[in-house]
Amino acid sequence: MSFSPLPGRRSVLRGSLAASAALTLPVAAGAAPALALSGRPAAKWGVQTGDVSAHAGLVWVRSDRPARMIVETAATESFRDARRFHGPLLGAGTDFTGTTQLRGLPAGEQVHYRVLLADPDDPRRTGEPVTGTFRTASDTRRDGVRFVWSGDLAGQGWGINPEIGGYRIYDAMAALDPDFFLCSGDNIYADGPLTGTVTLPDGRTWRNVTTEEKAKVAETLAEFRGNFRYNLLDENLRDFNARIPSIIQWDDHEVTNNWFPGEIFADTRYTEKNVDVLAARARQAFSEYFPISTLRRPDGRVYRVQHHGPLLDVFVLDMRTYRNANSADDQTTDAQGILGREQLEWLQRELSRSRAVWKVIASDMPIGLVVADGTDGAANFEAVAQGDPGAPLGRELQIAELLRFVKHRRITGTVWLTADVHHTSAQHYDPSRAAFTDFAPFWEFVSGPLNAGAFPASALDGTFGPDRVFVKAPTASNVSPAEGYQFFGEVDIDGDSGELTVRLREQDGTVLFTKVLQPGRVGQ
């Protein structure tokens, strides 16, 4: 189905948030905003917050024309005694998107905010406010922490299908009232065009919302921007963004499948064969459409540590930008690996500095699951493992160095979270089962997809001794969201005991698996 204005947004929030939910979207999703509408500036793509800490956070918006971004915050929806933050001028250079840094926020409190867009030629002319809310990190243990994570959105030909409720998994995640959402990558599928209909194996028809930019693989900056806008057509996601802060990382499909720096590929769908050119355009669009604190730095990096009070630090990795080329991955020395030397040293340094009870390593790819890159017919590998259960080889050498560092520095409370493989599972890694033994036991939990094709469980590589204690995955490949197999995970840290509970959930919130971990241990 071609995109047309959606009906009034279903109200999930009360009060001013419900008023924001009544906004509709532009008729021409890909049109130049300044030419699409007249009148006052409007923020009809919703709002979102990101990288929220105890006293700071970022607010994002997109205007339908040039405008000055203004954010007001208050303790209540009445916006009595509101504070005002003056943001950037939104224009064509950023696709009319922008973020505003909020500082001096109260710790552990619900913050209400509204975004005003002012006419740059007449600041008195402002559009209708768009409201949202978020909770800052607590600076005391007693409040605990709860967050959800997943990844992989609009992949393998499965986009927004209004007939099944769109991206309904976001409603289930919001119902848990998490402090934030960790997206483990593949926020878009720039290499995954959408058609209006897809015939399912049982003869039913899947119907996608379609846009011009989703009709082909993304190559131009405009096409990458259109891929990020596409997901915001979904009312569930817009409502979620207005309520739940995000911590965003990226993986491959923000650019193209299984890409690595320096790659020149032969995919006939592309006229631009240089992946570095595509990655630069994708990175610009990615930075425009998500509120990420480190993208404001001169190096514009994605990897960072997000502090969430005394209970939790989240170490967000980038296993895409600095990796070596996908290969057979059987080399006996590998200085670059999947992280690059600079990122590895940063991670070691930040882990050793962390005083948080729990240190979540947010990895955009799994450690011990074999992920092949067979696009050119060669036996190449995309992630860390390559299926050889012996001593570390290739990218495993870098992970072995990291795991050894954690053990010898006696760094407690490390847990690995990821997505990428389009099924959900829990793996326990133990040196007693491993070829490489100089590390402390740890857990890796996998979730996703949010709305994409589901795939069978990946094979395990025995180098680090994984034991898959739980898995749910289809037996066929690219199973549609209409058949289920869409997943997210929940992490709940108790403020009194410090225990960390992981729950793997289906798209409706049903709990599939639960694991409780104890604080203060080097290994689990």
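This is a predicted model: local features need pLDDT of at least 70, side-chain atom pairs count only at pLDDT 80 or more; totals for chains, interfaces and linings use all residues.
1. Helix H4 covers residues 221-231, and helix H6 covers residues 275-289. The two pack at an angle of about 40°, and their axes lie 9 Å apart. That angle makes H4 oblique to H6. Their crossing is right-handed.

2. Next, the residues behind that packing. H4 contributes Leu-221, Phe-224, Arg-225, Phe-228 and Arg-229 to the contact. From H6 come Leu-278, Arg-281, Ala-282, Gln-284, Ala-285, Phe-286, Glu-288 and Tyr-289. Sorted by class, the contact of H4 with H6 holds eight nonpolar residues, one polar and four charged.

3. Helix H7 runs over residues 341-353, and helix H8 over residues 396-408. They pack at an angle of about 15°, with axes 11 Å apart. Angles under 35 degrees count as roughly parallel, so H7 is roughly parallel to H8. The H7 and H8 crossing is right-handed.

4. Which residues of H7 and H8 meet? On the H7 side they are Arg-341, Leu-344, Leu-347, Gln-348, Leu-351 and Ser-352. On the H8 side they are Gln-398, Glu-401, Leu-402, Phe-405 and Val-406. By class, the contact of H7 with H8 splits into six nonpolar, three polar and two charged residues. Arg-341 in H7 and Glu-401 in H8 are among the residues that meet.

5. The largest cavity has a volume of about 200 Å³. Its lining has 18 residues. Leu-153, Asn-187, Leu-237, Asn-241 and Phe-290 are the ones nearest its centre.

6. Which elements give two or more residues to the lining of the largest cavity? They are strand S10 (180-183), H4, helix H5 (235-243) and strand S13 (246-248). H5 gives the most, with three residues.

7. What classes of residue line the largest cavity? The lining has 13 nonpolar and five polar residues. No charged residue is part of the lining. The helix contacts read otherwise on this point: four charged residues sit in the contact of H4 with H6, and two in the contact of H7 with H8.

Notes
Residues are numbered from 1 along each chain as its sequence is written. Side-chain values use heavy atoms; hydrogens and water are left out. Axes are lines fitted to C-alpha atoms, for helices over the stretch in contact, and angles run from 0 to 180 degrees between N-to-C directions. Helices (H or I, at least four residues) and strands (E, at least two) are DSSP runs, numbered from the N terminus. Angles under 35 degrees count as roughly parallel, over 145 as roughly antiparallel, 65 to 115 as roughly perpendicular and the rest as oblique. A crossing is left-handed if the near helix is turned anticlockwise from the far one by less than a right angle, and right-handed if clockwise. Contact means heavy atoms within 4.5 Å. Ala, Val, Leu, Ile, Met, Phe, Trp, Tyr, Cys and Pro count as nonpolar, Asp, Glu, Lys and Arg as charged, and the others, Gly among them, as polar. On a 1 Å grid over the protein atoms alone, a cavity is a set of points where a 1.4 Å probe fits but cannot get out, and a pocket is an open set with protein on both sides within 12 Å along at least five of seven lines; lining residues have an atom within 4 Å of a point. Grid points are joined across faces, edges and corners, and a volume is the space filled by probe spheres set on the points.
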